[in-house]
Amino acid sequence: MAKTIGQEFVKGLWEEIPPFRLVLGLCPTLAVTKSVENGIGMGLATTFVLVCANILVSILSGIIPSKIRIACFIIIIATFVTVVELVMQAYTYQLFMELGIFIPLIVVNCIVLGRSEAFASKNGVIPSLADGLGIGIGFTLSLTAISAVRESLGSGTLLGYSIFGPSFEPFSFMVEAPGAFICLGLLLCIMNIIGRK
Amino acid sequence: MREMVKMVIVLTVLSSLSGGLLTALKNTTEERIDNQVLKFVKGPAIETIMEGAQNDPVADRFSLTVDGMERNFFVGVFDGNPQAVAFEAKASGFGGDMGVMVGFNVNTDKIIGVSVTTHNETPGIGATVETNTDFKNQFAGLPADTDPKVKKDGGGINAMSGATVTSRGVCTAVRKATDLYQQIKSQIKDQVKTFTG
């Protein structure tokens, strides 16, 4: 029954990839994926928090009384989110300004709390690390995919470089909020078609 | 009872560890964050004013406390001599406070340039103050004890078309800057001298 470390890692990349399979954390997904840079930045920030929180929660799960476990998890998560926030401010200020409120909001990202509660508190350190890394990279890949579609169609660029040439008229609907929903839906649809085979 | 005590202890210890870690991180990143904020928020305005400076005016700065408020002064080195200083003054525009960076030549006591750092003006009307160099160039060369006014108020400044309130705001900010300059001129000059190319 017990999965190997490798399986714990790989499941986050397809089987339970957020936000497509594990439909959690939709708010930052929809809000920040206007450009690939933002998508990757947000994904990496979340990955860092996920991995660190998972490790610490699995270490401390023995001494955290179950009645206050959620409060403890939130303290742990909030600590790492603040670490990310300060580091981003100090080293990647422009990206921090772009992502704005969504960095502090990683604290309430359901994926992070969900993994702490559902996985890390019941498993050892190494599986928790693999799980956090897998889910985090999966989340980063998803955000990159969504933002690649949105940025290329909505602004005609990819990572800031023009890809369709000057004659391309940007389909600016894609960088608006409704475009995010439609893009997410279409990608989910494609994933389901592939997954069914 | 025992459980109660344990809960309190766990939460307290966890919170204090988190607090301690974050305080340490905050202290180590504080200076860098300040630099980043200055570079990205005020930097562009300072660079416009100090175009052609031989140093990095954002890095070469000093602060003075005037009337209980700490202010940053940015020093520009030209022709091997530190002779320009820029600082920010605030005044209300059409949409709240505007920050205006005003540069002075400390040798000739003349304004060398003004540039807007932060504003909340109407896009397309007042917000054009960002790019309207014709308007801003009118301030360059004015004496450092000037009280600029738009023509409508009996002064010599041509207001930006359709944006009298914004133009007035810039004039007010410049006047505040000249007032401050007059008030602490000797202190500024002493400090500026300590920077060398």
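Which residue in strand 4 of chain B does Phe87(B) stand opposite? Phe87(B) faces Val102(B) in that strand.

## Basis of the model

This is a predicted model, in which local features need pLDDT of at least 70 and side-chain atom pairs count only at pLDDT 80 or more, while totals for chains, interfaces and linings use all residues. Residues are numbered from 1 along each chain as its sequence is written, and chains are lettered from A, with ligands numbered from 1, in the order in which they are written.

## The sheet of chain B

Chain B holds an open sheet of 5 strands in the order 1-2-3-4-5, with antiparallel pairing. Strand 1 (61-66) and strand 5 of chain B are the edge strands, each pairing on one side only. On average, neighbouring strands of the sheet are turned by 30 degrees against each other, direction ignored. Helices (H or I, at least four residues) and strands (E, at least two) are DSSP runs numbered from the N terminus; two strands pair if DSSP finds at least two bridges between them. Axes are lines fitted to C-alpha atoms, for helices over the stretch in contact, and angles run from 0 to 180 degrees between N-to-C directions.

Strand 3 (residues 81-93) and strand 4 (residues 96-105) of chain B pair in the antiparallel sense over 10 bridges, and a hairpin joins them through 2 residues. Strand 4 of chain B also runs antiparallel to strand 5 (residues 110-118) of chain B, with 7 bridges. Met101(B) has Ser115(B) as its bridge partner in strand 5. These two strands form a hairpin with 4 residues between them, and Asp109(B) in the turn has a positive phi of about 55 degrees. Gly99(B) has Thr118(B) as its bridge partner in strand 5 of chain B.

Helix 3 (residues 164-183) of chain B packs on the sheet, touching strand 1, strand 3, strand 4 and strand 5 of chain B. Its direction makes about 135 degrees with that of strand 3 of chain B.

## Chain A

Chain A has 8 helices and 2 strands, arranged from the N terminus on as α-α-α-α-α-α-α-β-β-α. Along its principal axes the C-alpha trace of chain A spans about 60 × 45 × 25 Å.

## The contact between the chains

The contact takes 17 residues from chain B and 17 residues from chain A; residues are in contact if their C-beta atoms, placed from the backbone, lie within 7 Å.

How values were computed
Two residues are in contact if their C-beta atoms, placed from the backbone, lie within 7 Å.
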